[in-house]
Structures are given as structure tokens and as C-alpha cells.
Amino acid sequence: MRVAVVIGLILLLNVAESRAQVYLRADLIGKSPYRDGNNEKIEGTKGSAQIYQMGFNLPFAVKMDAYERPQAWGVALNASYTALHNQQMQRNLSPDEIMNIQLSLLHMRSISEKWSFLAMAGAGIYTSHARFSDIRGKNIMGHGGAVFIWHGRKNLQLGAGLALNTSFGFPMAFPALMVNWKLDGKYEVEVNMLNAIELAAGIKLNDQWKVRLIAEMSGSMTLEELDEREVMFSHQYVLVGLQPVLAIGKSISIPITIGMSTYRAAFYEERTLKAFFTGMGREYDPCFQIAPAFSVAIRYGF
């Protein structure tokens, strides 16, 4: 799935929570070889990555409705910086850095006992540098969408709808999906497609510690001009590993992941529909091979 499509579908906001949330996160991915679109290794090319993320999620004008769900407006700001440490890779294969900043306005309300409605609109900046003075119109992408959410059980939410973004220079609609499922207790299982794609299963050791096995996908992108062409660069990765989580009171959690990056796609393509559909039919995306990975985050809800 292209990052350009994923960004703007469901942006880093669990609106089922009526609390504000702040997070900081760092992902470190070790060095590994690079393969092209034919799945052939490009000799001498290697790369590693450091990804730093931060953001906040602030509901306002919140009130509980007759179904004990929040009817709320909210705003979400999310930012990431990616440093790509590439060895013997040409500029037309990968930039050296990526900066993404997204701002979204969201609204959620119930429409019946089992259904609610989520709408969002916003814009983001996607650059291959971190110089605010060099940001241009081509680096900006608008996004929006509407999702109908089914509350089948207290621990299960399923949603479907449409999302819009301007990744190809004009508004285009994509399907938008949402899954949020949790089993709580001594043993936990979680499937989350609210802010990325996350699968987790674990055990609570005590009130402060739990240990989980996780698999999650995240990514970033650039919108830029390269060799006189309008292009986008996608950097998408999957982390799999063991994740101890420390809880400090009811407000702070610190997940630490030790594992592997099992998939890390990194490639340019033109900002055209033809290039998009050509890429969808491609058997292999240019990518880095399996590498060791480490991640740490701190999350605070208030």
C-alpha cells in the first residue's frame, strides 16, 4: 500500500478517547543492503534510518451523548523527521532526509446506538529537507475524509468510508478503513488501524509492566521536484519485535521495542495516476533488506 494513500485516511487520532494525548517516539533501523524493483541487489548500496516523531491529539467541545460516547471536535498535529544514512546511493534513489508535518481538524458524533460518524479535513507538508524557508506549494498536500463506524461491542469498532487527498496534484478519493479491537485482562490482544497498522499480543505482569509481541507499519513521504519531474518518495517500514511497556500511573506509558525491520520500502515515483497504477502492479518495491531495529516512545494522556 502506498504511503501517499495511507496519509490522510485516519490520522493519528483515536477519537473514541475523550482525553488529550501527547507522544514522542524514536525508531532506529540498522544498516542493510538495497534491492531494486526487480528484487536485485545494487552492489555497494546500504542504508540505515533514524525516525523521530511527535504529536498531540486535543479534543475540544466534548460532551457525552445518550449512548455514552463523546460527541466532539478535535485537532491533531503530527510531525516526523527521518534521517536516511545511505551508502553509495545516488540522489535519484533516495533523499538524505524527510520532514512531514500534518494538521487535522476532526469531528465525531453518534448517529444511532450502534453507529457513529467521523469526518476530518486538513493539510500536510512533505519535504526532502528540514528548511522551512524552502517549503513550496508542491510540498503541500490536502487531505480529508468521512468514515462510518460500527460499534459492535465495547471492545470492537469497525469503520469504512472515503478519504480524499491531493497526492497527484488534484483531489482523488480512496477507500478508508478503520479497525480497533482489544481484549483486556491479564492477556491482551490488540488490532489497531487508527494511526498506523499495529498488531499486538501480550501479558500483564503487574500494574507497572506488560510485555507484548508486536508488528506495526509506519512511514513518511516527500513531494518534490527531481530532474524536472514532479515526484513523490515513499519510505515505509514494518517493525516486528518484543515490546516491554512501563506504565507510570494512569497517564504515562513508555513502550520499548527490540526487534527487526522486516520490510523497508524506499523509492521514487512520478506524481501521476499512470505511475500509481503501474506501481500497484509491480511485484517488488525497491527496498532495504531485513535489519535490526529499536524503538522507544513516551505517551501522556490528560
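**Exercise 1. How many salt bridges does a search of the whole structure find?**

Solution. The structure is a predicted model. A search of the whole of it finds nine salt bridges. The next exercises examine individual cases.

**Exercise 2. Determine which parts of the chain are linked by the salt bridge of Arg91, and classify the accessibility of both partners.**

Solution. 
- Step 1: the partner of Arg91 is Glu224, with 3.0 Å between the closest N and O atoms.
- Step 2: Arg91 lies in the loop between strand E3 (70-87) and strand E4 (97-110), whereas Glu224 belongs to strand E11; the two are 133 residues apart, and the pair thus links distant parts of the chain.
- Step 3: Arg91 has 38% relative accessibility and therefore counts as partly exposed.
- Step 4: the cut-off for a buried residue is under 20%. Glu224, at 5%, therefore counts as buried.

**Exercise 3. Carry out the corresponding analysis for Glu270 and its partner.**

Solution. 
- Step 1: Glu270 forms a salt bridge with Arg229, the closest N and O atoms being 3.4 Å apart.
- Step 2: Glu270 is in strand E13 (residues 252-270) and Arg229 in strand E12, so that this pair, 41 residues apart, also links distant parts of the chain.
- Step 3: Glu270 has a relative accessible area of 35% and is partly exposed. Arg229, at 34% relative accessibility, likewise counts as partly exposed.

**Exercise 4. Identify the residues that form a negative surface patch, and locate Asp227.**

Solution. 
- Step 1: the patch is formed by Glu225, Asp227, Glu228 and Glu230.
- Step 2: Asp227 is found in the loop between strand E11 (209-226) and strand E12 (229-248).
- Step 3: a residue is exposed at over 50% relative accessible area. Asp227 reaches 56% and therefore counts as exposed.

**Exercise 5. Which residues of helix H2 are buried, and why do they line one face?**

Solution. 
- Step 1: in H2 (residues 273-280), the buried residues are Ala275, Phe276 and Gly279.
- Step 2: viewed down the helix axis, these buried residues fall within an arc of 105°, and therefore they line one face of H2.
- Step 3: the face turned away from this buried side carries the exposed residues Lys274, Phe277, Thr278 and Met280.

**Exercise 6. Which residues are linked with Arg25 in a network of salt bridges?**

Solution. Asp27 and Glu216 are linked with Arg25 in this network.

How values were computed: Residues are numbered from 1 along each chain as its sequence is written. This is a predicted model: local features need pLDDT of at least 70, side-chain atom pairs count only at pLDDT 80 or more; totals for chains, interfaces and linings use all residues. Side-chain values use heavy atoms; hydrogens and water are left out. Buried means under 20% relative accessible area, exposed over 50%, partly exposed in between (1.4 Å probe, protein chains only). Helices (H or I, at least four residues) and strands (E, at least two) are DSSP runs, numbered from the N terminus. The arc is that of the directions from the helix axis to the C-beta atoms. Patches are made of residues with over 30% relative accessible area and no salt bridge: like charges are joined within 9 Å, nonpolar side chains (Val, Leu, Ile, Met, Phe, Trp, Tyr) within 5 Å. Accessible areas come from the Shrake-Rupley method with a 1.4 Å probe; for residues, only the protein chains shown count as cover. A salt bridge is a side-chain nitrogen of Lys or Arg within 4 Å of a carboxyl oxygen of Asp or Glu. Lys and Arg count as positive and Asp and Glu as negative; His and the chain ends are not counted. The place of a charge is taken as NZ of Lys, CZ of Arg, CG of Asp or CD of Glu.
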